Amino acid sequence: RRTTGRALLALTFALVAGATSAQAQDTAAATDDIDREQMEHFARAHVAINDIRDEFHGEVARVHDAEGRQRAREQVEERISAVLEEHELTRERFDEITLLISLDGDLRAMFDEILVELAEEGTR
């Protein structure tokens, strides 16, 4: 019984290690797909979406009925969809890039650099 248990435990560790390795390879491949131009589109969309969400939170705080809050949510979703479309991103791709930035230091550095550039553009 101990041998079977140890074998099962070893197999479980091997499967987990294999899955982690496969995930790392998938992440590396997806990271390679993002160039600076795509990151600029993402960063511009990210900034615009954050602004929309900030406005939404200010608006929804002043709405006291459920219908009004629902209407505000629908409007913010429409505005976010328009921003994504403008920057040629699907919501899935936007979420994927967000995840990749959190996992990849080089992508994070590129993203942060672009955000600084966008902030400087805004102050000119």
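Q: Why is His87 called buried rather than exposed?
A: This is a predicted model, in which local features need pLDDT of at least 70 and side-chain atom pairs count only at pLDDT 80 or more, while totals for chains, interfaces and linings use all residues. Residues are numbered from 1 along each chain as its sequence is written, and side-chain values use heavy atoms, with hydrogens and water left out. Buried means under 20% relative accessible area, exposed means over 50%, and partly exposed lies in between (1.4 Å probe, protein chains only). His87 has a relative accessible area of 10% and is therefore buried. His87 is located in the loop between H3 and H4.

Q: What is His87 in contact with, leaving aside its neighbours within four places in sequence?
A: Contact means heavy atoms within 4.5 Å. With those neighbours left aside, the contacts of His87 are His41, Arg44 and Ala45.

Q: What is the phi of Glu88?
A: Phi of Glu88 is near 55°, a positive value in a residue other than glycine. Most residues other than glycine have a negative phi.

Q: What makes the secondary structure pattern of the chain α-α-α-α-α?
A: Helices (H or I, at least four residues) and strands (E, at least two) are DSSP runs, numbered from the N terminus. The chain has five helices and zero strands, and reading along the sequence gives α-α-α-α-α.

Q: Why are H2 and H3 described as roughly antiparallel?
A: Axes are lines fitted to C-alpha atoms, for helices over the stretch in contact, and angles run from 0 to 180 degrees between N-to-C directions. Angles under 35 degrees count as roughly parallel, over 145 as roughly antiparallel, 65 to 115 as roughly perpendicular and the rest as oblique. H2 and helix H3 (residues 66-86) pack at about 170°, with their axes 10 Å apart. The two helices are therefore roughly antiparallel to each other.

Q: Why is Asn50 called partly exposed?
A: The relative accessible area of Asn50 is 31%, so the label is partly exposed. Asn50 lies in helix H2 (residues 36-62). Asn50 and Ile80 are 30 residues apart in sequence and 9.4 Å apart in space, C-alpha to C-alpha.

Q: What makes the pair of Phe42 and Phe94 tilted?
A: Rings of Phe, Tyr and Trp (its six-membered ring) pair if their centres lie within 6.5 Å; planes under 30 degrees apart count as stacked, over 60 as edge-to-face and the rest as tilted. A search of the whole structure finds two aromatic pairs. In the pair of Phe42 and Phe94, the ring centres are 4.8 Å apart and the planes are at 35°, so the pair is tilted. Phe42 lies in helix H2 and Phe94 in helix H4, so the pair ties together parts that are 52 residues apart in sequence.

Q: How do you know whether Phe42 and Phe94 are buried or exposed?
A: Phe42 has 2% relative accessibility and therefore counts as buried. Phe94, at 8%, therefore counts as buried too.

Q: What angle lies between the planes of Phe42 and Phe111?
A: The planes are at 55° and the centres 5.6 Å apart, and this aromatic pair is tilted. Phe111 lies in helix H5 and Phe42 in helix H2, so the pair ties together parts that are 69 residues apart in sequence. Ring pairs link Phe42, Phe94 and Phe111 into a cluster.

Q: Which residues touch the most other members of the largest nonpolar core?
A: A nonpolar core is a set of buried Ala, Val, Leu, Ile, Met, Phe, Trp, Tyr and Cys residues joined through side-chain atoms within 4.5 Å. Of the 24 residues in the largest such core, Met39, Phe42, Phe94, Ile101 and Leu107 touch the most other members. H2 gives the most to this core, with eight residues.
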